[in-house]
Structures are given as C-alpha cells and as structure tokens.
Amino acid sequence: MIALYELKGKNDRRYSLFSWRARMALRHKGLEFETLPVRLSDKAAIDFSGGKTVPVIKDKDTVVRDSWKIAEYLENRYQDHPLFGCEIGRGVTQAFNTWADRLLVPAMLHVIAADIHERVDALDEGYFRQTMEKVLRMTLEESRAKRDPALLQLGRALEPLQATFKRQAFLAGAAPAYADYILLSVFQWARVMSPQELLAPEDPLCQWRERMLDLHDGFARNVPLA
C-alpha cells in the first residue's frame with residue numbers, strides 16, 4: 001500500500017492543498033493508500049524524503065516528494081485512468097499548475113490565512129504565524145481586516161474559470177483529470193480550514209465544485225470541515 005505523508009490540523013483535519021492533489025490523483029488511479037499525519041513544524045518526520053515539505057509518497061522502495069512530481073510518478077508507474085491524457089495534456093496541465101500556484105493560491109491565502117491559523121495543530125501555531133506573516137508581509141490580524149479587498153482580488157482571478165464552467169463540466173472537458181484536482185485542492189483547502197463560503201450556489205464554479213466533491217464516492221466531501 002502507498003503511504004502518503006500530509007499535514008494534520010486540529011481535529012485530524014488534513015489541510016495541505018498540495019496533499020489534496022496527491023489524494024485525488026491516487027483515488028483517480030484507483031490506488032489504495034494510507035495517510036500519515038505530520039505536523040507543519042516537524043521536519044524530522046519526513047527527513048527520509050530529502051526535503052522539508054509534504055506531500056510525500058512512499059511506494060514500496062520509491063519515495064516521491066512534491067505534488068506535481070507525485071502526479072507524474074503515478075502517471076508513469078500506473079497506466080490505468082490517465083491523469084493527463086497525452087503529452088500535450090501533460091504540458092497544458094503543468095502550465096495550469098504553475099498559474100494556480102502563482103496566482104490563485106496566493107489570492108486564496110490572503111482570504112483565509114487567519115482562519116487557517118485557528119485550525120492548525122496547536123504545536124504549529126507559532127511556526128505558522130511566523131511563516132505566514134513573512135509571506136503576507138502583514139500580521140494575520142491585518143490580513144483578516146483586509147479580507148474584503150482580498151475577496152475581490154480572488155473573484156477577479158476566478159472570472160476566467162467561471163466562464164469556462166458555463167461551457168464545459170470540467171477543466172479537462174467532459175470528465176475530470178489532474179487539472180481539475182489542482183483547482184479542487186485550492187477550494188478544499190478553504191473548505192477544511194475556513195468557515196467562509198466563497199461561492200454562491202448559482203456560480204458555475206460552485207456547480208463544478210459540487211460535481212468534484214461527488215467523485216470517488218464523495219471522497220473529498222466527507223471530511224471534517226471548518
């Protein structure tokens with residue numbers, strides 16, 4: 001069985017957006033896996049990976065770190081249920097992965113950072129605050145006070161996706177693929193760690209999210225939420 005090392009928050013929340021990409025890729029491939037919780041500040045727990053961040057998977061003697069590398073490994077190692085579809089699909093998905101990480105993830109972080117801090121493992125609270133305030137260049141309290149303009153910026157970033165889901169059911173077209181799991185990971189991060197509802201029921205993105213949450217017997221839906 002494949003082992004997946006991922007972050008653990010309060011009440012056993014599994015909140016790493018990058019780990020959710022690995023989780024959904026594993027389910028997409030139909031692979032059995034066990035999850036091993038790691039605290040954000042406990043770098044020693046994943047020393048064997050050669051890095052300091054999760055997700056990490058261990059598949060027998062093979063260790064892979066980084067969500068994109070995990071997706072590529074699973075695609076190359078397990079041929080059933082493709083994540084990319086073809087080499088062109090792999091290239092386009094990697095471009096979307098970069099866009100999401102550099103634009104969408106920071107936009108979401110400015111909205112939910114203070115909420116995340118309230119739900120990380122108690123032993124990680126100081127580490128999270130110190131790390132995130134450097135990233136945000138403001139205190140968590142200041143980020144909460146500036147939530148309204150952050151929500152507007154997030155909405156602008158999501159506009160092309162709202163338009164996309166007026167025309168097709170999934171980013172990949174008629175059926176979901178890894179690009180959809182990249183996008184879902186950002187919203188799953190928010191669902192697990194923030195009490196805010198960021199999408200209105202009439203939003204095409206909200207309807208897409210509901211379809212994604214129903215996948216794999218409701219795997220992403222049936223988790224502890226904020």
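Two strands pair if DSSP finds at least two bridges between them. Strands (E, at least two residues) and helices (H or I, at least four) are DSSP runs, numbered from the N terminus.

This is a predicted model, in which local features need pLDDT of at least 70, side-chain atom pairs count only at pLDDT 80 or more, and totals for chains, interfaces and linings use all residues. Residues are numbered from 1 along each chain as its sequence is written, and side-chain values use heavy atoms, with hydrogens and water left out.

**Figure 1. The β3–β4 hairpin.** Let us start with a pair of strands. Strand β3 (residues 56–59) runs antiparallel to strand β4 (residues 62–65), and 4 bridges join them. D59 faces T62 of β4 across the pair. The two strands make a hairpin with 2 residues between them. In that turn, K60 has a positive phi of about 60°.

Figure 2. S67 belongs to helix α2, which covers residues 67–77. Is S67 buried or exposed? Its relative accessibility is 6%, so S67 counts as buried; buried means under 20% relative accessible area, exposed over 50%, and partly exposed in between (1.4 Å probe, protein chains only). Not counting residues up to four places away in sequence, S67 touches F18, R21, P55 and Y178, where contact means heavy atoms within 4.5 Å.

**Figure 3. The surroundings of A114.** Here we turn to helix α3, where A114 is found. A114 counts as buried because its relative accessibility is 7%. Which residues does A114 contact, leaving aside its neighbours within four places in sequence? They are L140, S143, R144 and R147. K52 lies 62 residues from A114 along the chain, and the C-alpha atoms of the two are separated by 23 Å.

**Figure 4. The largest pocket.** Rolling a probe the size of a water molecule over the atoms shows where empty space is left. On a 1 Å grid over the protein atoms alone, a pocket is an open set of points with protein on both sides within 12 Å along at least five of seven lines, whereas a cavity is a set where a 1.4 Å probe fits but cannot get out; lining residues have an atom within 4 Å of a point. The largest pocket has a volume of about 630 Å³, a volume being the space filled by probe spheres set on the points, which are joined across faces, edges and corners. Its lining has 30 residues, and L7, S16, F18, L40 and V54 are the closest to the centre. At least two lining residues come from each of α1 (17–28), α2, α3 (87–117) and α4 (125–136), with α3 giving the largest share, 6 residues. By class, this lining has 18 nonpolar, 5 polar and 7 charged residues. Here Ala, Val, Leu, Ile, Met, Phe, Trp, Tyr, Cys and Pro count as nonpolar, Asp, Glu, Lys and Arg as charged, and the others, Gly among them, as polar.

**Figure 5. The second largest pocket.** This pocket holds about 190 Å³ of space. Among its 13 lining residues, A107, H110, P149, A150 and Q153 lie nearest the centre. Helices α3 and α6 (147–164) each supply at least two residues of this lining, which divides into 7 nonpolar, 3 polar and 3 charged residues.

**Figure 6. The setting of the close-ups.** The protein has 8 helices and 4 strands. Buried residues make up 52% of its 226 residues.
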